[in-house]
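Dear colleague,

I am passing on a structure for you to look at, and my notes on what was found in it follow directly after it. Please read them with the coordinates open beside you.

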Amino acid sequence: MRIALYQPDIAGNVGAVMRTAACLGIGLDLIEPMGFQWDDKRVARAAMDYIDHVAVTRHGDWDAFVDRLAGRLVLLTTRGATPLHDFAFGADDVLLFGRESAGVPEEVHARADARVVIPMAPGVRSMNLSVSAGIVAAEALRQTGGWPG
C-alpha cells in the first residue's frame, strides 16, 4: 500500500504525510510539479527525523506516475462515489490525494479505479490533506491487516 499526493501545494502537509507514512510503514509517491521547492525547510520541519524512515518516490508528472503504477488507484475526493466506511481496500492499493487548492483534474478522476469520500458533517467542505491521509491509511491498513508491528 502507498499514499500518493498529486501536485501538493503545501510543504508542511507533505512533511506531515511523510511522518504518517513512516510511522505506518507505507511508501509515499509525490507527483510533480509541487507548489514549493523540494528542499523547502518546512518539509523537513514537519517530517522531522522521520524523513529517513519513509520510501519517497518523486514522479516528474502524472504520466510518469501512471507508468510506474502498480496496484489499484483509489482516489480520495469530495466528489467520491463510495463512502470510506463502505469501501473494501486491498493491500496493494495506492491511495491518491489531490492538490490542496484544486483537487485533481478530470483525467485523473477518469483514471482512478475507485473514488472514495470521507463522510463529513453537513456544512463543511473538506479536511486537511494530512489528516485525510492518516484517516484513510488507518482504515485501509485495518481492513487489510497491514498495521506495522
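For what comes first, one cut-off is needed: two axes count as roughly parallel when the angle between them is under 35 degrees. In this model, which is predicted, helix H1 (residues 11-24) packs with helix H5 (residues 129-144) at an angle of about 20°, and their axes are 8 Å apart; H1 and H5 are therefore roughly parallel to each other. The crossing in which H1 passes H5 is right-handed. On the side of H1 the contact is made by Asn-13, Ala-16, Val-17, Thr-20 and Leu-24, and on the side of H5 by Leu-129, Ser-130, Ala-133, Gly-134, Ala-137 and Leu-141.

Turning to annotation, an unreviewed UniProt entry lists Leu-76, Gly-98, Ile-118 and Ser-126 under "binding site". These residues are spread over 51 residues of sequence, yet they cluster in space, the largest C-alpha distance being 13.6 Å, and the lining of the largest pocket includes Leu-76, Gly-98, Ile-118 and Ser-126. Gly-98 itself is placed in the loop that runs between strand E6 (94-97) and helix H4 (106-111).

Most residues other than glycine have a negative phi, and most peptide bonds are trans. Gln-7, in the loop between strand E1 (2-6) and H1, has a positive phi near 45°. The peptide bond from Glu-32 to Pro-33 is cis, with omega near 5°, and Pro-33 belongs to the loop between strand E2 (27-31) and helix H2 (41-47).

With best regards

Notes: Residues numbered from 1 in each chain as written. Predicted model: local features only at pLDDT ≥ 70, side-chain atom pairs only at ≥ 80, totals over all residues. Heavy atoms only, no water. Axes fitted to C-alpha atoms, helices over the stretch in contact; angles between N-to-C directions. Helix = DSSP H or I, 4+ residues; strand = E, 2+ residues; numbered from the N terminus. Parallel < 35°, antiparallel > 145°, perpendicular 65-115°, else oblique. Left-handed = near helix turned anticlockwise from the far one by under 90°. Contact = heavy atoms within 4.5 Å. UniProt positions renumbered as here; feature names shortened; annotations may be inferred. 1 Å grid on protein atoms, 1.4 Å probe; cavity = no way out; pocket = protein on both sides within 12 Å on 5 of 7 lines; lining within 4 Å.
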